[in-house]
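This report walks through one protein model, from its domains down to single backbone angles. Keep the structure open while reading.

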Amino acid sequence: MRLRFAGVRLCLPVVLLAAAMVASAQWAPNVTDDKAEQRVAWWREARFGMFLHWGVYALPGRGEWVQWDEQIPVGEYAKLADQFHPDKFDADAWAALAKAGGMKYMVLTARHHDGFALFDDPQSSFTAVKSAAHRDIVAEYVKAVRKAGLGVGLYYSPLDWRYPGFFFPGIYRENAEELRVQYDRQIAELGTHYGQLDILWFDGGGNEWLGFGGLENGEGGWHRRAKDKPYSGKFDWQDAKTVGHLRELQPGILVNDRTNAPADFRSREGDGALGGFENQQPWELCTTITEGAWGYQPKAKVKPLSQIIQLLAGAAGRDGNLLLNVGPQPDGQIPPEQAARVREIGQWLATYGESIYGTRGGPWLPGAYGASTHKDKIVYLHLFHARSGGKVTLPALPVRIVKAEVLGGAAVSVEQNARTDVFTLPAVAAEAFDVVVKIELAEPWITSAVVPSGDLARGK
Ligand code: GLC
């Protein structure tokens, strides 16, 4: 097949990605309104955000699932609210750290699966305002994040372990309906009382988890729901109504795909879910800065800088964002080891940020060499295993390369053949985990086109 590409004739393996090729198996469809692309543009450019999991589960320090994992009775767990004294919580300090880390938006758990709200809900007794803290954490957070010029995001879980109706929505219908009333009310409260919100990051919503994959009364009697099958009983979250109302209150808001309502972006979760290249639907990988849970664990090991940078570049090179989670301590401070790593990431971005922010994934698909990003006429190669004097051979781009250099360093020699582009590296540091090569093309690259990396990309 011959394609016209930026005035050049192509017979090379350049692929124009069609939406159908990359359809994903999530429950929620994508939004289709004519402002969708415009709404998500700032977020796509931002590429990197800070996630924060914080609530009364920080007190026992065994992760945000402690209540469920240890089957702590609801009444007993609720007593944690009386011990919640976050005397060192300083939202400005959180926002300053996110900025120092090069993050462009933040997402805080306004309410996790335990039902403890970090905001003011006059109709719930389980909130930060009614806890020993007597503070509206969400109000302080929103103000600080906005003031710092970062995107303001809130995480919210419609799932609430205090409601038996969540587990058996068919038989405890009234209770499940009460849970739905709470969800609708709390989303309206968040959408109304906290000024402009940029992201509502849902989790535990939709039909995927409803009933926790438990018993269902179907043909032939009670049976366990098959793995990966969503709940299909009579209860309905009425997400279209609640999320629709939120969109009326907050016309610019971005919503992820963990409800049944149309979403602006898709969520991938955990280092192992980095997945494939996808430049049709906006997406984000969320993961933790530590090994283990999302919520605070005092002994959690912080992941090495190299691993996080390769994830960030790997996500950008697949045309997605990275949302990196920290777990603040019960006193409200972000643990010093986590904060130190965030600052190191920021230092790396201070030098290499131009290869991440405002770029799109490709032209070369990710491969053994690492990943690539581009912006107009500039292509960045992120080489994860570069060696001094090593050669990187990639399928030829159908455009002339004007020059190449290690970003902020020495020149890279380029040999363009009919089938391959070969890059010979200068000396690089032995421990380099991402050598960024900046390549200038004679013409801007068209984002929707990609070139496979194939077996050529050995990155020796
Ligand atoms: C999972 C977990 C949760 C965490 C979330 C982040 O769904 O239930 O604890 O908040 O992932 O993506």
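The centres of domain 1 and domain 2, taken over C-alpha atoms, are separated by 36 Å. The model is a predicted one. Domain 1 is made of two segments, 2-12 and 361-459. Domain 2 covers 36-355. Their contact takes 19 residues from domain 1 and 14 residues from domain 2. On the side of domain 1 that touches domain 2, β15 and β16 are the elements that give two or more residues. The most comes from β15, with four residues. By class, that side of domain 1 has nine nonpolar, nine polar and one charged residues.

**The parallel sheet**

Eight strands form an open sheet with parallel pairing. Their order is β10-β7-β6-β5-β4-β13-β12-β11. Which strands stand at the edges? They are β10 (254-255) and β11 (266-269). Each has a single partner strand, so one side of each is left without a neighbour in the sheet. For β10, two bridges link it to strand β7 (residues 199-202) in the parallel sense. Within this pair, Ile199 has Leu254 of β10 as its bridge partner. Helix α5 (residues 137-147) packs on the sheet. The helix touches β5 (105-111) and β6 (151-156). The direction of α5 makes about 150° with that of β6.

**The antiparallel sheet**

A further open sheet has five strands, in the order β14-β15-β16-β21-β18. Here the pairing is antiparallel. Its edges are β14 (360-361) and β18 (401-406). Both have a single partner strand, so one side of each is left without a neighbour in the sheet. Strand β18 runs antiparallel to β21 (residues 435-441), and five bridges join the two. Across this pair, Ala404 stands opposite Ile439 in β21. Helix α9 (residues 305-317) packs on this sheet and touches β14, β15 (370-375) and β16 (378-383). Its direction makes about 55° with that of β15.

**Strand pairs side by side**

A hairpin joins the list here: β8 and β9, with two residues between the strands.

| Strand pair | Residues | Sense | Bridges |
|---|---|---|---|
| β8 and β9 | 215-218 and 221-224 | antiparallel | four |
| β7 and β10 | 199-202 and 254-255 | parallel | two |
| β18 and β21 | 401-406 and 435-441 | antiparallel | five |

Gly220 takes a positive phi near 80°.

**A helix pair**

Helix α7 (residues 173-193) packs with helix α8 (residues 239-249). Their axes lie 9 Å apart, at an angle of about 10°. Are the two roughly parallel or roughly antiparallel? That angle makes α7 roughly parallel to α8, because angles under 35 degrees count as roughly parallel. From α7, the contact uses Tyr183, Asp184, Ile187, Ala188, Gly191 and Thr192. From α8, it uses Thr242, His245, Leu246 and Leu249. By class, the contact has five nonpolar, four polar and one charged residues.

**The ligand shell**

Which residues surround the ligand? They are His53, Glu64, Trp65, Asp203, Glu269, Cys286 and Trp294. By class, this shell divides into three nonpolar, one polar and three charged residues. One of its members, Glu269, falls within the range of edge strand β11 (266-269).

**Backbone details**

Two loops deserve a look. Where is Pro363 found? Its place is the loop between β14 and β15. The peptide bond from Gly362 to Pro363 is cis, with omega near 10°. The other loop lies between α2 (66-69) and α3 (74-78), and it holds Gln71. Phi of Gln71 is near 50°, a positive value in a residue other than glycine.

How values were computed. Residues are numbered from 1 along each chain as its sequence is written. This is a predicted model: local features need pLDDT of at least 70, side-chain atom pairs count only at pLDDT 80 or more; totals for chains, interfaces and linings use all residues. Two strands pair if DSSP finds at least two bridges between them. A residue is near a molecule or strand if its C-beta atom, placed from the backbone, lies within 6 Å of it. Ala, Val, Leu, Ile, Met, Phe, Trp, Tyr, Cys and Pro count as nonpolar, Asp, Glu, Lys and Arg as charged, and the others, Gly among them, as polar. Two residues are in contact if their C-beta atoms, placed from the backbone, lie within 7 Å. Axes are lines fitted to C-alpha atoms, for helices over the stretch in contact, and angles run from 0 to 180 degrees between N-to-C directions. Domain bounds come from an automatic or database domain assignment. Angles under 35 degrees count as roughly parallel, over 145 as roughly antiparallel, 65 to 115 as roughly perpendicular and the rest as oblique.
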